[in-house]
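Subject: Handover of a structure and notes on its fold

Dear colleague,

Please find below the structure that I am handing over to you. My notes on the fold follow it.

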Amino acid sequence: MDLTRSAAISQDCIVDCVPVSFSTFIRVKKWLRVHRAGKYFGRFDCKRCLRRQQIPFLQAKVRNPAQFVKLGQELRECTEHMWVLRQQRDEYRARRNNLQPGELLLLMDFTSFSLEPDAEESDQRMMYVQDLILVLEFIENGHRQTEYVDYICDCPDSNTNDYHFVLYAMLLFFRCFYIKEAFQLVEVWTDGGPKHFKTKYCQWMWHFLSSSCFDGKLIAHNFFASYHGHSLADSHAAVDKRLLRAAYNTSELSRRTVSEEPISWGPSSAAALVPVFSENAARTQAFHLPSIPRNAALKPNIAGINLIKSKHRFEYAEGTCLAFPRTGQDVGMPFAFKYL
Ligand SMILES: [Zn+2]
């Protein structure tokens, strides 16, 4: 028997059988799926980012020239979306890093909660609470400060997450936090919510706030790319939801105790949520809005803003309005609100 040869063979076998880590195994499997079949594209929350991965594979298979051109057009739009996504994200990071004293970086987003109403008042309906989250970042005494504000409302007839909610909360915010006295500039960042943020009414609101509540100083509204608005506001929403779950779990203790007290299911209204958030979440102030004013006169009768969907920054200062395709561009397009 050739001992040298059998030793070499067993050495090869050992090398072949070296166990790989599970993560490496998954990575290799995913790579093979992408490159062999061309069908696996991972997880995407954004349809455009997913299509950007899919279209080159579809173009390779398609035989109809018209279909090929149509896919090419879609691919260009998805690539444009990717560039907007990168530029807006980089600009947000740069502005956050270069924040100066007197500047307020204001992130805004909506979240919602469903609460179990009190057993005595209950008509078996869940109670839905809308929460407008504001994240304030500013420099104070040479240090970066981050504060959170929650405006929460459970009025079932008026608490829709739309322009009226944003307007009411912003009027309270500018007045109660002395924004005019404390800051020289406000940079607002939101997602492109078509119902509440990227609307002609919301833009008119910033124009109005700059002129009436901010001495004509600059208010700029920047938008993250569509479906990519994840930010500190989302992190704060997650904290709020964790606190709500913790309050529910604590109430379970009382439900397991035999007592004559009414059964508690944790916070059952927006008013009950205020202390839960204000006292337990770091650097957070929560305000309960009993209802949202919905007078039709609060919505000005104005014409739409030209190509509003393609804009990612609006500036309002000294009564003038400028629109920019992306944040970071030097020249904006002047526009005016046309009253009908
Ligand atoms: Zn995307």
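In which sense do β4 and strand β5 (residues 218-223) pair, and over how many bridges? The two strands pair in the parallel sense, over 6 bridges. Within this pair, Thr190 has Phe223 of β5 as its bridge partner.

Please note that the model is a predicted one, and that the values below are computed from it.

Overall composition

The protein chain holds 9 helices and 9 strands. Of its 340 residues, 26% are buried. Where contacts link residues at least 6 apart in sequence, 67% of them join residues at least 24 apart.

The sheet

The strands form an open sheet of 9 strands with mixed pairing, in the order β6-β3-β2-β1-β4-β5-β7-β8-β9. Its edges are β6 (284-288) and β9 (333-335), each of which pairs on one side only. From one strand to the next, the twist averages 20°. Helix α5 (residues 163-176) packs on this sheet, where it touches β2 (127-140) and β3 (143-153). The direction of α5 makes about 40° with that of β2.

The packing of α3 and α4

How do the axes of helix α3 (residues 47-61) and helix α4 (residues 65-97) lie relative to one another? They come within 9 Å and cross at roughly 145°. The crossing is left-handed. On the side of α3, the contact is made by Arg48, Arg51, Arg52, Ile55, Leu58 and Gln59. On the side of α4, the contributing residues are Phe68, Leu71, Glu74, Leu75, Cys78, Thr79, His81 and Met82. Sorted by class, this contact of α3 with α4 has 7 nonpolar, 3 polar and 4 charged residues.

Individual loop residues

Lys299 is placed in the loop between β6 and β7. Is Lys299 exposed or partly exposed? It counts as partly exposed, because it has 16 C-beta neighbours inside 10 Å, and the partly exposed class lies between the limits of 12 or fewer for exposed and 20 or more for buried. Neighbours within four places in sequence aside, Lys299 is in contact with Tyr163 and Tyr201. Lys299 and Met205 are 94 residues apart in sequence, while their C-alpha atoms are 9.3 Å apart in space.

Leu307 belongs to the loop between β6 and β7 as well. Although Leu307 is not a glycine, its phi is positive, at about 55°. Leu307 has 11 other C-beta atoms within 10 Å and is therefore exposed.

Glu318 lies in the loop between β7 and β8. Its phi is near 50°, a positive value in a residue other than glycine. Why does Glu318 count as exposed? The reason is its number of C-beta neighbours, which is 10 inside 10 Å, where 12 or fewer make a residue exposed.

With kind regards

Methods. Residues are numbered from 1 along each chain as its sequence is written. This is a predicted model: local features need pLDDT of at least 70, side-chain atom pairs count only at pLDDT 80 or more; totals for chains, interfaces and linings use all residues. Axes are lines fitted to C-alpha atoms, for helices over the stretch in contact, and angles run from 0 to 180 degrees between N-to-C directions. Helices (H or I, at least four residues) and strands (E, at least two) are DSSP runs, numbered from the N terminus. A crossing is left-handed if the near helix is turned anticlockwise from the far one by less than a right angle, and right-handed if clockwise. Two residues are in contact if their C-beta atoms, placed from the backbone, lie within 7 Å. Ala, Val, Leu, Ile, Met, Phe, Trp, Tyr, Cys and Pro count as nonpolar, Asp, Glu, Lys and Arg as charged, and the others, Gly among them, as polar. Two strands pair if DSSP finds at least two bridges between them.
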